[in-house]
Amino acid sequence: MKDLRTVTPGAVKVKTGVEAPEAVAEKLAEILSGTYDLLIRTHEVHWNIEGPMFYGVHMLTETQYGELFAATDELAERIRALGHLAPATPGALLDTEAKGTKAKAGAAAMVTALKDRHEALSRACHEGITLAEDSGDPVTADMLTARSAAHEKAAWMLRSMAAG
């Protein structure tokens, strides 16, 4: 049987009017990697949360990891639409240097760690919006505006949950 990694297509030049598709695709790949890493970290909290915040955090993170999973596909497909390959190896998708959220950390610390990651991804989306707009790519700018809004809402919910 043929190894699927040997039949991966290469990047292609597309003519859609985007002036810097490679730069936009690279930024999207960065955001995709951060999103995938956050998806894993959110599962980690979902599975390992303990204490009085258990039910609320467990239910919130279930909703959030579902949304993050859908976002990874949308981001990867936009990279492909720009003619580039989406990162697809564990090393390209996960921050292997990250220590995770430490399952034995308190619930508030776990929630705060997720909040911080959502805020960082929102900032990366803002950078991507500027890059996309400067490249004449309203499709990516719109998609990243929606992604930023999702991360900002998630961060707000997590911040509110960890307050007090």
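# Helix packing and salt bridges

Reader: Does helix 1 pass helix 4 in a left-handed or a right-handed crossing?
Author: Helices here are DSSP runs (H or I, at least four residues), numbered from the N terminus. A crossing is left-handed if the near helix is turned anticlockwise from the far one by less than a right angle, and right-handed if clockwise. For helix 1 passing helix 4, the crossing is left-handed.

Reader: What kind of model is this?
Author: Residues are numbered from 1 along each chain as its sequence is written, and side-chain values use heavy atoms, with hydrogens and water left out. Local features need pLDDT of at least 70, side-chain atom pairs count only at pLDDT 80 or more, and totals for chains, interfaces and linings use all residues, since the model is predicted.

Reader: How do the directions of helix 1 and helix 4 relate?
Author: Their axes (lines fitted to C-alpha atoms over the stretch in contact, with angles from 0 to 180 degrees between N-to-C directions) come within 10 Å and cross at roughly 165°. Angles under 35 degrees count as roughly parallel, over 145 as roughly antiparallel, 65 to 115 as roughly perpendicular and the rest as oblique. The crossing angle therefore makes helix 1 and helix 4 roughly antiparallel.

Reader: At what angle do the axes of helix 1 and helix 2 cross?
Author: Helix 1 also passes helix 2 in a left-handed crossing. The two axes come within 9 Å, and the angle between them is roughly 160°.

Reader: How far apart are the end C-alpha atoms of helix 4?
Author: The expected span is 1.5 Å times one less than the number of residues. Helix 4 (residues 107-134) has 28 residues, so the span should be 40 Å, and this agrees with the end C-alpha separation of 41 Å.

Reader: Which residue forms a salt bridge with Lys 27?
Author: A salt bridge is a side-chain nitrogen of Lys or Arg within 4 Å of a carboxyl oxygen of Asp or Glu. Lys 27 lies in helix 1, and the partner in helix 4 is 100 residues away. The closest N and O atoms are 2.5 Å apart, and the partner is Glu 127.

Reader: Is Arg 147 buried or exposed?
Author: Arg 147 in helix 5 (residues 138-162) pairs with Glu 67 in helix 2, so parts that are 80 residues apart in sequence are tied together. The N to O distance in this salt bridge is 2.4 Å. Buried means under 20% relative accessible area, exposed over 50%, and partly exposed in between (1.4 Å probe, protein chains only). At 4% relative accessibility, Arg 147 counts as buried.

Technical notes. Helix = DSSP H or I, 4+ residues; strand = E, 2+ residues; numbered from the N terminus.
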